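Hi everyone, thanks for coming along. Let me put it up on the screen.

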Amino acid sequence: MRKLANFFTGSLEKTIGLILFIALWELAPRAGWVNSTYLSPPSAVVSALIALLKSGDLIKHLLISLQRALVGMAVAVSFGMIFGLFIGYFKKIEGYLDALFQSFRQMSAFALFPVFILLFGVGELSKTIIIFWASLWPILLNTINGVKNVDTLLVQSAKSMGASQKFIFLRVILPAAAPDIFTGIRLGGSYCVMSLVAAEMIGATSGLGYLILYSQETFNIPDMYAGIVGLAIMGLGINYALKLIEKSFSSWKQGVAVGE
Amino acid sequence: MSKIQASKIHRQFQVNNDFGKKTKLTVLDDFNLQVREGEFLSILGPSGCGKSTFLNMLAGLDKQDGGQILIDGKLVSDRSFDRGMVFQGYALFPWRTVLENVEIGLQIRGLEKKEREEIARYYLAMVGLTAFANRYPHQLSGGMKQRVAIARVLAYQPDIMLMDEPFAALDAQTRETLQLELIRIWEADKKTIVFITHSIDEAILLSDRVAVMTARPGKVKEIIDVSLPRPRSEEIRNSSEFAQIRQYAWSLIKNEVTKAQGLQESIENDQGRIMVQPILSLQQKFKDMIQKRIGGHNEKIG
C-alpha cells in the first residue's frame, strides 16, 4: 500500500510540470487570454489526434517520418562509428582533420539544405542527406573522443598480457569508448528528429513535418497541433529506444558510485 | 644462467622544461642487473630514478635507447606470453566482472570459456575473492582490486611476474595483509618476481635480494642479499636481522633520496621560494578584505 502511494507521489513529482502546462494550455484559449483560432486547447487537439488516427493519416505520416529518420540515423551511425574509430585510433589523422570537422559541425544542416537540393534534387535523397549531416557530427566527434580518451593503463595492461592489436581494438578500445559513442548516438538522435521536420517542410508531400505545415496552410489548426504532439511522441520514442540499447550495452555501469 | 640479464641500459626522454623548451632527460644510464631464475628481487629507489621505466622495458611496453635486455638469453620482444605485470593502478577492465577480468589473459591465449572459468575460479579462491566473482571492479575496495589483478596474472602462468609498486596506493593495514599474501603465494610456486617499490620495509620483507638504485640517471648502486629465513611471517619485521638490513639499506639510499629531492627543488626554486615566516601585516589585510564582504552580508541576514 505504502509502495503504491510512493509510486503515485513519485510520478506526480516528475510530471507536475507537464500537468500544469497542459492545464494552462487548456485554460488560456478557453478563458480568452489567447485567440482560440491560433491556439487550440488540448481537448480539441486530442479529438483531432483521434480523428487522424481513425482515418489512418497520422499513422501513414508517422511511419514515413520514422522511416526517414531511421535510414538517416543508420547511415550516420555506421559512417560516424567506422570513421570515428579509425580516426581516433590513429591520433595523427585526428590532428589533421580536427579544424575541418569543427567547422563542418558548426555548419547548420538547414543552411546547407539549399545546397543539397541543388546537388541531389528535392527527392528522398536530399532529405536523407540532411538528416545524415545533422546527426553525423555528434556521433563522429564523440566516437573520436571516446577512442582518444581510452585509459592507456588498460591498453598497457592488455599488451603486457601479450594481446594482439586486434584483441586490443575489439576488446579494450571499443568497450572502453562505448559510453562516449552512445552519448554521441543519442545526441545524433535528437538532431535527427529536428532536421527531419525541416526536411519534410520543404518540397515534401508526406511525413509529420508536411502534415504540420499543410494543416497550418489549410487553417486546420487542431490538426497542426496534433502533428506537433505526434512529433514529440516520436522523438521521445526514439530517445527511449536508444536509451534501452545503451543500457543493455553498459549494464556494468549500473550503480557506479558518485566520485568513484 | 640468469633469467633476466640487463646490461648497459640507457634511456632518455624528451621533456618540456618550465620555459616550454624541449630538453633531454636521462632516466637510466649504464644500468646493469641480473635476475636469477625463481628469485624474488626488489628494485628500491627514490622517486623518478627510472625503476618503473626499467620494468616497462621488461614488460615490452618501453624500449631502451642503448644496451640490451635478455630474458632466457633472448632479446625482449614487444609481444610475449611469458611475462605478467601488476600495475599500481590495478588496470582492471571496468566493463568486465571480477571473474571475466581474471579470465582475460587466458582469453588472449585462446582458451575456451569453460577452461578459462575453471582456472580463473581457482586463482580467485587463492586470493580469497570467490564470493565476488560476479561483481564489477567499481564495487570493490582498492585491496580487493589489486588481489584481482594478482589473480589475473597468476592465472595465465607467466614465467616472470613484474610488479610496479602494486601496494603503494593502499592503506597501511591492507598493504601489510597483501604483502603477507604475496609471500604465501610466491613461496608456494617460486616464480621469478621483479618488484618495484620505494618502501625499504616492503623490499626487505618480500625479497631474496634488493637492488638499491641511485637518483636519476638511475643505475644499480648495490645489491643487498636478504638472508632472512623462509617461510617468512609478520614477526620477522621485529627481528634484529631485519633491523640491521633496514639500517644498512637506509644508509645506502639516504643520499640518493636527498639527491632526488635536490633534482626536484632545482626545478621548483626558480619559480618561487617558500615563505619561511608568515607576513602578518599582509594576513591582516586579507582578513580585512574578507571581513568587509561577510560583514555586509551578515548585516543583511541579521
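Let's begin with the lining of the largest cavity, which is made up of Leu154(B), Met161(B), Leu182(B), Ile185(B), Trp186(B), Asp189(B), Lys191(B) and Ile193(B). Please keep in mind throughout that this is a predicted model. Which element gives the most to that lining? That would be helix α5 of chain B, residues 172–189, with four residues. By class, the lining has six nonpolar residues and two charged ones, with no polar residues. As for volume, the largest cavity holds about 30 Å³ of space. And how many cavities of 30 Å³ or more turn up when the whole structure is searched? The search finds one.

Now to the pockets, where chain A comes in as well. The largest pocket has a volume of about 540 Å³. Its lining counts 22 residues, and those that lie nearest the centre are Leu154(A), Trp252(A), Leu92(B), Pro94(B) and His138(B).

What about the second largest pocket? This one contains about 430 Å³ of space. It also has a lining of 22 residues, and nearest its centre you'll find Arg105(A), Ala134(A), Trp137(A), Pro138(A) and Tyr191(A). The elements with two or more residues in the lining of the second largest pocket are α4 (91–106), α5 (109–120), α6 (124–148) and α8 of chain A. Which of them has the largest share? It is α6(A), with nine residues. The classes here come out as twelve nonpolar, six polar and four charged residues.

Let's move to the outside. On the surface there is a nonpolar patch formed by Ile279(B), Leu282(B), Phe286(B), Met289(B), Ile290(B) and Ile294(B). Together these residues have about 540 Å² of accessible area. To place one of them for you, Met289(B) sits in helix α8 of chain B, residues 280–301. Do watch the chain letters here, please.

Next, some backbone geometry in chain B. A bit of background first: most residues other than glycine have a negative phi, and most peptide bonds are trans. With that in mind, where are the cis peptide bonds that I'd like you to look at? One joins Arg216(B) and Pro217(B), with omega at about -5 degrees. Pro217(B) is located in the loop between β9 (209–213) and β10 (220–225) of chain B. Another joins Arg230(B) and Pro231(B), and here too omega is about -5 degrees. Pro231(B) belongs to the loop between β10 and α7 (240–268) of chain B.

Then there are positive phi values. Asp30(B), a residue other than glycine, has a phi near 50 degrees. You'll find Asp30(B) in strand β2 of chain B, residues 22–36. Asp30(B) counts as partly exposed because its relative accessibility is 34%. Glu165(B) is not a glycine either, and its phi is positive at about 40 degrees. Glu165(B) lies in the loop between β7 (160–164) and α5 of chain B. Is Glu165(B) buried or exposed? Its relative accessible area is 11%, so Glu165(B) is buried, given that buried means under 20%.

One more residue from chain B, and that is Ile108(B). It is part of helix α2, residues 98–108. Ile108(B) counts as buried because its relative accessibility is 12%. Along the sequence, Ile108(B) and Tyr156(B) are 48 residues apart, and in space their C-alpha atoms are 9.5 Å apart.

Finally, let me step back to chain B as a whole. How many helices and strands does it have? There are eight helices and ten strands. Along the principal axes, the C-alpha atoms of chain B fill a box of roughly 75 × 50 × 45 Å. Of the 302 residues in chain B, 46% are buried. That's my tour, and I'm happy to go back to any part of it.

Definitions and conventions: Residues numbered from 1 in each chain as written. Chains lettered and ligands numbered in written order. Predicted model: local features only at pLDDT ≥ 70, side-chain atom pairs only at ≥ 80, totals over all residues. Heavy atoms only, no water. 1 Å grid on protein atoms, 1.4 Å probe; cavity = no way out; pocket = protein on both sides within 12 Å on 5 of 7 lines; lining within 4 Å. Points joined across faces, edges and corners; volume = space filled by probe spheres on them. Nonpolar A, V, L, I, M, F, W, Y, C, P; charged D, E, K, R; others polar. Patch = residues over 30% accessible without salt bridge, like charges linked within 9 Å, V, L, I, M, F, W, Y side chains within 5 Å. Areas by Shrake-Rupley, 256 points an atom, 1.4 Å probe, with all protein chains shown as cover. Salt bridge = Lys/Arg side-chain N within 4 Å of Asp/Glu carboxyl O. Buried < 20%, exposed > 50% of the residue type's maximum accessible area, 1.4 Å probe, protein only.
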